[in-house]
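Thanks for making the time today.

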Amino acid sequence: MFKGSMPALVTPFKDGAVDFETLKRLVDWHIEQGSHGLVPVGTTGESPTLSHSEHEAVVQCVVQAVDGRIPVIAGAGSNNTDEAIRFITFAERVGADAALVVTPYYNKQTQAGLYAHFKAVHDCCNLPIIIYNIPGRSAVDMSPVTMGELSKLPRIVGVKDATGDLDRVCSQRLTCGPDFLQISGEDATAHGFNAQGGVGCISVTANVAPKLCAELQEATLAGDYAKALSIQDRPMPLHHAIFAEPGLCGAKYGMSRLGLCAEDVRLPLMPLTAETRERVDFGLRHAGLLN
C-alpha cells in the first residue's frame, strides 16, 4: 500500500499563518501529477515550528482533501513519547492511513530506549507505523538489530531510511525480512535504494517535480532500471540544489518559481541565498520544469 513516490509535503504559509487553501490545491495537484501517497507535517512540513493545533489541523486538512484517493502517512514524531502518542492517536481519529514516527531527537537514548518508545507508540493505536531513521538530524541511529526487533510488532510496517547508506537496505532485509517496507528518505540515491530492495521514496524534491519522481519510482518498481536511470538524470541537479541549504527552503523556493505556493518559511529557517536560488533555477531548467 505504501510504495512509490510520496512527497513529504511542505506546509504553505501566508502572512505567517498556515495557508490551508493553497494546501488543498497542492493535494489535488500532487494527485494529478501521479504521486502515490502524501506525507504531511514531517520535517519538510516544518513540524518543528508548527504549534500542536496547527500540526493537527494540517493533518486533518490533508486527509479530508485527499478523500481516500491515495494514502496519507501523517507525521507523528516527537522526542517526547506522550506527545508522539497524542499526534498518532489524532491521526488515527481523523482517518490517516499510517503514521511516520521519527527516532526521538536530542535525547540520545539507547537502543533499548528506542525500542520502548516505538513499542509505546505502537500499542496506543491501530495505525500502521513507518519508522523514520535520520541520524543526521536526530543524533541517534536505530540499528538494523533494533529495527528487526520492532518489525516483529504487527503494526511496525516499514522504515523511511535517511542514513544515505545503501548497504543498510541489505542489512535490514536480513533483520526485518523482505516484506518489511524500506522507503528512501534521500532523493539523490532513490534509484540505487530501490535496486537494493527499497520500494519507494518519501521525497522532498517531489514537492517540485512530482511527475518525474513518480515516473522514476514506477520504472524501478517495474524492474526497468535503465529507464529509471534516464529519468533520474533529469532532476539530479535539482536534488543537489534543493539540499544546498535546508531542503524545505529549497523546495518552497522551487515551488514559488512554478507558481505553486509562497516561499515563506518560519524562523529559525531563512529564505535561500541568491547563489542557491540560481542553483535551484538551473535545476528546474535541467529537469524541464522551467523555461
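**Helix packing and local features**

Let me begin with helix H2, where His 52, Ser 53, His 55, Glu 56, Val 59, Gln 60 and Val 63 come into contact with Glu 83, Arg 86, Phe 87, Phe 90, Ala 91 and Val 94 of helix H3. Sorted by class, the residues of this contact between H2 and H3 are 6 nonpolar, 4 polar and 3 charged. Please keep in mind throughout that what you see on the screen is a predicted model.

As a reminder for anyone new to this, a pair of packed helices is described by two values, the angle between the axes and the distance between them. For H2, which covers residues 52–66, and H3, which covers residues 81–94, the angle is about 25° and the axes are 10 Å apart. Angles under 35 degrees count as roughly parallel, and H2 and H3 are therefore roughly parallel to each other. Their crossing is right-handed.

The next pair is helix H1, residues 20–33, with helix H9, residues 210–221, and here the packing angle is about 40°, with the axes 8 Å apart. H1 and H9 are therefore oblique to each other, and the crossing that H1 and H9 make is right-handed. Which residues of H1 and H9 meet? On the H1 side they are Trp 29, His 30 and Gln 33, and on the H9 side they are Pro 210, Lys 211 and Ala 214. By class, this contact of H1 with H9 consists of 3 nonpolar, 2 polar and 1 charged residues.

From H6, the residues Pro 144, Val 145, Met 147, Gly 148 and Ser 151 meet Arg 168, Ser 171, Gln 172, Thr 175 and Cys 176 from H7. The contact of H6 with H7 divides into 4 nonpolar, 5 polar and 1 charged residues.

Let me turn now to the aromatic rings. How many aromatic pairs does a search of the whole structure find? The search finds 0 of them.

Finally, I want to look at the backbone. In general, most residues other than glycine have a negative phi, and most peptide bonds are trans. Asp 15, which is not a glycine, has a positive phi of about 55°, and this Asp 15 is located in the loop between strand E2 (13–14) and strand E3 (17–18). The peptide bond that runs from Leu 267 to Pro 268 is cis, with omega near 15°, and Pro 268 belongs to the loop between helix H12 (247–257) and helix H13 (274–286).

Conventions:
Residues numbered from 1 in each chain as written. Predicted model: local features only at pLDDT ≥ 70, side-chain atom pairs only at ≥ 80, totals over all residues. Heavy atoms only, no water. Axes fitted to C-alpha atoms, helices over the stretch in contact; angles between N-to-C directions. Helix = DSSP H or I, 4+ residues; strand = E, 2+ residues; numbered from the N terminus. Parallel < 35°, antiparallel > 145°, perpendicular 65-115°, else oblique. Left-handed = near helix turned anticlockwise from the far one by under 90°. Contact = heavy atoms within 4.5 Å. Nonpolar A, V, L, I, M, F, W, Y, C, P; charged D, E, K, R; others polar. Phe/Tyr/Trp six-rings, centres within 6.5 Å; stacked < 30°, edge-to-face > 60°.
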